[in-house]
Amino acid sequence: MSARPRLGVLLAAVVALAATVVPSAAAHAAPKVPRTAVLDGVRMQQTKLRLDRGDPQLARGVANVTARADNWLDQGPWTVVDKPKPAPGGDVHDYLSQAPYWWPSQPRTADNPWGCPYVQRDGQRNPEVDTGTDRQDVEKVFDSTYDLSLAWYYTGKKQYAQKAASVLRAWFLAPDTRMNPNLDHGQFIPCKYDGRAIGIIDFSQSYTSVLDAIAILDTGAPGWSKSDRTAMRAWNTDFRDWLVNSDFGKDEGAAKNNHGTFYDMQLAALAYATGDQDLARRTVLNARSLRIDPQIAADGSQPQELARTRSWHYSTFDLVAYTRLAAIGRHVGVNLWSYQGPDGQSLFKAVDYLLPAATGAEPWNHPELEFHRFAASDVVHAAADAGDKAAQAAVPKLETPPGGDLWVLRPAAEQLDSIAG
């Protein structure tokens with residue numbers, strides 16, 4: 001056989017081998033890194049690679065994540081136009097919620113159907129806020145899209161991504177059902193206010209999870225198209241601008257307690273997700289003097305949150321915002337964990353203040369209507385990951401939250417004892 005025919009046979013063999021090997025290699029290609037705002041996309045990719053290699057330590061976490069996602073597959077989608085009557089402005093596309101801690105003080109009559117005036121009972125949730133408004137439905141949108149996108153990323157099962165996409169389109173994008181990008185009627189009080197700046201927290205406490213869900217779907221999820229991505233980015237840009245420019249947004253940004261912290265977290269995440277790196281970085285930097293200095297005491301306590309009837313809940317709640325804001329800071333070159341205020345106050349001290357109660361070593365000696373030790377688990381995880389040795393030592397002593405400890409798969413703090421409804 002001449003050299004040329006032998007070469008031809010060799011080339012043919014190489015081509016045949018490539019045809020069988022390349023598809024197999026592509027099937028096991030490294031997962032894409034999602035450009036998440038709070039979650040660490042690189043860490044998620046590494047976890048996915050460990051999972052693909054059969055790491056047995058991840059099996060329980062994945063089972064918990066998929067169990068949560070499976071629960072959503074036959075629910076929704078939900079829409080802002082489904083409420084019995086529109087917001088006070090008359091536009092059914094406007095989001096509407098009712099102040100949770102305000103109650104009627106008079107019997108309901110034909111002349112006074114609401115039982116006005118309403119009076120405040122701090123920490124006591126009025127059950128009527130869960131009927132007739134969008135509050136519970138939007139929480140389902142937030143939770144379902146997050147759970148479903150995580151389940152898709154780690155399992156590759158397309159039904160999770162397709163369901164998440166349908167939920168997002170129904171609430172935010174479809175012309176007949178989309179929500180207007182404002183919170184003009186959040187936490188209204190009957191016979192008193194048509195909406196309040198404080199209502200922004202309805203979104204700020206959970207909407208960053210939606211931003212991360214979108215970033216996960218943007219890595220190539222089936223059922224989530226380029227036009228969906230473009231439209232969602234436009235909605236988020238409009239919502240970001242409303243937060244910055246509206247009177248309600250300005251008022252909430254000036255809040256001195258957890259409302260201000262959550263506002264900053266939401267704004268920084270929206271700025272990052274919509275490409276405004278300067279706004280994201282500036283928001284995280286300003287949180288040092290605007291939030292940490294006045295809100296956290298030298299011993300790590302949060303005096304404004306300790307004054308509440310749900311002091312444990314609100315102390316962990318505020319730290320959820322801080323730890324998530326610190327995670328956003330990582331993306332824009334700001335280490336919020338390393339900051340110390342003029343009296344030595346810091347995020348590490350604030351988490352350490354909770355450790356005796358979080359580990360069960362000591363009781364929580366402040367007002368609390370319903371103490372749940374597990375509520376601190378995620379913020380302790382966050383501090384431990386950031387290098388706090390006391391938090392690292394506390395992690396094995398934490399109480400497992402209902403539904404399991406999901407930190408390894410979604411390393412970002414959630415409010416585990418939510419009283420939002």
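D228 touches R169, L173 and G223, not counting residues up to four places away in sequence; contact here means heavy atoms within 4.5 Å. This is a predicted model: local features need pLDDT of at least 70, side-chain atom pairs count only at pLDDT 80 or more, and totals for chains, interfaces and linings use all residues. Residues are numbered from 1 along each chain as its sequence is written, and side-chain values use heavy atoms, with hydrogens and water left out.

Back to D228. It sits in helix α8, residues 226-245. Helices are DSSP runs of H or I, at least four residues, numbered from the N terminus. D228 is buried, at 9% relative accessible area. Buried means under 20%, with a 1.4 Å probe and protein chains only.

What joins the side chains of D228 and R169? A polar contact of 2.9 Å. That term means a pair of N or O atoms within 3.5 Å; within protein, one must be able to donate a hydrogen and the other to accept it, and residues adjacent in sequence count only if both atoms are side-chain atoms. The D228 side chain also reaches the backbone nitrogen of S225, at 3.0 Å.

Now the core. A nonpolar core is a set of buried Ala, Val, Leu, Ile, Met, Phe, Trp, Tyr and Cys residues joined through side-chain atoms within 4.5 Å. The largest has 106 residues. F203 and W224 are among those with the most contacts inside it. Helix α13, residues 311-331, gives the most, with eleven residues. A second, separate core has five residues, including W102 and Y118.

Conventions
Buried means under 20% relative accessible area, exposed over 50%, partly exposed in between (1.4 Å probe, protein chains only). Helices (H or I, at least four residues) and strands (E, at least two) are DSSP runs, numbered from the N terminus.
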